[in-house]
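Dear colleague,

I am handing over the structure below, and after it you will find a short account of what was found. Please read the account with the structure open beside it.

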Amino acid sequence: MASQPELMDRRPADAAKERRLAELRHEAETTGHVTASGVTALGGPMPQQQALPAANSNEAYYGLPLLKPPTWIWTIPVYFFIGGAAGAAAIIAAVARWTRRDPALARDARRIALIGGAISPVLLIADLGRPARFINMLRVFKRQSPMSMGAWLLVAFNGATMAGETLRVIGRSTDRRLLKGAAAVGSDAADAAGAVLGSGLATYTGVLIGVTAVPVWARNVRTLPFHFGMSGFATAACLLELAHDDPALHRIGWLTAGGETLVGLRLESDRARAQLPLRHGSTGRMIRLGGFLSGPAALAIRAIAGRRRYGRRLAALVSVAGALITRFAWVDAGQQSASDPSVPLALPPVRGKRL
């Protein structure tokens, strides 16, 4: 309770201030907003401002961005690139073995899957800072979380590819018919599991960045999985095409280059404000360069010189370069989009519906 001297020192409220407060309350009740500017105390915790934004403006509070940009280092876009290629290579390896194509092609595809899968956790841990953080991601299995599912996908994919290679080594090193047959069956099962898990590994990174509040990523939430999947298949097939002349790899190159061209047309046709990082500045130039190399440029080279070995090799190199540039460009676009206070906040979908 207040003491008697404190009660005596209190002054009656100023009548003019009370009337002004009543006017402000009435304005807020009738119009839904107050046009009068507030007061920012000097030295207070709130940032200084010149004027309040209009009520229907998309400006963020005090002109500051609502999101913190992603703090990923260069290893994350490299992981997107290598992980996508590894997952697609596992599918190519399984199909090549089941269709009894060139055994060397299946072997090299399995090697890409095995090496890419082994490198991917190292790239993730380099961004996380220490291995314990990656291990902690495996303590929870949450189907609604692309990050949780991605960590488990990567671990399961590595387990399947390593198990398949181990069983093949056992089958080659033994003379016992029963053990050799069991190893062959087990390696086939491991290849099938790797192909299924590889399809998820090649596309989940697009889902991962799409279901966020970053405007440019959320705007393309349906395009990114297809985009990253096509890019991963193009990378795996083109890396194999540098050493093999199998016509199936050439056809995959045609298909993926066509898919990347369609993605580029889709991005160019969307003129929403959230797409600004994809059209302007260094990020816009990177996105367009990567899309041109992996799409129209690769298509043109295959159409003009695809019947010659050097033409297929050149198209493969161009596609791989475009896929790598694209991964870095999308991460950079997300960082720029999150730092732009003029773009409205994008809410991720909930149970298949957008808020």
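I170 counts as partly exposed because its relative accessibility is 33%, where buried means under 20% relative accessible area, exposed over 50% and partly exposed in between, with a 1.4 Å probe and protein chains only. The model is a predicted one, in which local features need pLDDT of at least 70 and side-chain atom pairs count only at pLDDT 80 or more, while totals for chains, interfaces and linings use all residues. Residues are numbered from 1 along each chain as its sequence is written, and side-chain values use heavy atoms, with hydrogens and water left out.

I170 lies in helix α6, helices being DSSP runs of H or I with at least four residues, numbered from the N terminus. The C-alpha atoms of I170 and A182 are 9.8 Å apart, and the two residues are separated by 12 residues along the chain.

Turning to the helix pair, α6 and α7 pack at an angle of about 155 degrees, with their axes 7 Å apart; the axes are lines fitted to C-alpha atoms over the stretch in contact, and angles run from 0 to 180 degrees between N-to-C directions. The two helices are therefore roughly antiparallel, a term for angles over 145 degrees.

In the loop between α6 (146-173) and α7 (177-210) sits T174, which is buried, with a relative accessible area of 12%. Leaving aside residues up to four places away in sequence, T174 touches L179 and K180, contact meaning heavy atoms within 4.5 Å.

Best wishes

How values were computed
Parallel < 35°, antiparallel > 145°, perpendicular 65-115°, else oblique.
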